[in-house]
Amino acid sequence: MSDLTRREASKFEKMFGMSTGYVLNFSNRTFGEFVVDSTSRDIFDGKYDHASGSKANRLRAFWRECPVAG
């Protein structure tokens, strides 16, 4: 479980423009590359396939599933 609070997650969602299902202007390929380069995790793994499977929903699932390194 992530250590992000709801308030922090909400701020990130607004910053990344996630209300539309997208994350910034990433394509699936560039989003996948960004996440794997940043975290060494595959954002397109089935465990992050939540609701519609959009990039925004995958990132939300990622936040719920992955602990924040500290």
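A residue is called buried here if its relative accessible area is under 20%, exposed if over 50%, and partly exposed in between (1.4 Å probe, protein chains only). Glutamate 13, with a relative accessible area of 26%, is therefore partly exposed. The model is a predicted one, so local features need pLDDT of at least 70 and side-chain atom pairs count only at pLDDT 80 or more, while totals for chains, interfaces and linings use all residues. Residues are numbered from 1 along each chain as its sequence is written, and side-chain values use heavy atoms, with hydrogens and water left out.

Helices are DSSP runs (H or I, at least four residues), numbered from the N terminus. Helix H3, residues 55–65, is mostly covered, with 9 of its 11 residues buried. Among them are Leu59, Arg60, Ala61, Phe62 and Trp63. The cover over the buried residues of H3 includes helix H1 (6–16) and helix H2 (28–39).

On to the charged side chains. Counting a salt bridge whenever a side-chain nitrogen of Lys or Arg sits within 4 Å of a carboxyl oxygen of Asp or Glu, the total is 3. One of these joins glutamate 13 to arginine 60, at 2.9 Å from N to O. Because glutamate 13 belongs to helix H1 and arginine 60 to helix H3, this pair ties together parts 47 residues apart in sequence. Another links arginine 29 with glutamate 33 at 3.1 Å, N to O; both lie in helix H2, 4 residues apart, or about one turn of the helix. Arginine 29 is exposed at 54% relative accessibility, whereas glutamate 33 is partly exposed at 36%. Arginine 58 also bridges to aspartate 49, with the closest N and O atoms 3.6 Å apart. Here arginine 58 is buried at 9%, and aspartate 49 is partly exposed at 45%.

Then there are the rings. Those of Phe, Tyr and Trp (its six-membered ring) pair if their centres lie within 6.5 Å; planes under 30 degrees apart count as stacked, over 60 as edge-to-face and the rest as tilted. The whole structure holds 6 aromatic pairs. Phenylalanine 12 and phenylalanine 16 make a stacked one, 5.8 Å centre to centre with 20° between the planes. Both sit in helix H1, 4 residues apart, about one turn of the helix. Phenylalanine 12 is partly exposed at 31%, and phenylalanine 16 is partly exposed at 22%. Phenylalanine 26 and phenylalanine 31 form a tilted pair, 5.7 Å centre to centre and 50° between the planes, and both are buried. Phe26 and Phe31 also belong to one aromatic cluster with Phe34 and Phe44.

Conventions:
Helix = DSSP H or I, 4+ residues; strand = E, 2+ residues; numbered from the N terminus. Contact = heavy atoms within 4.5 Å.
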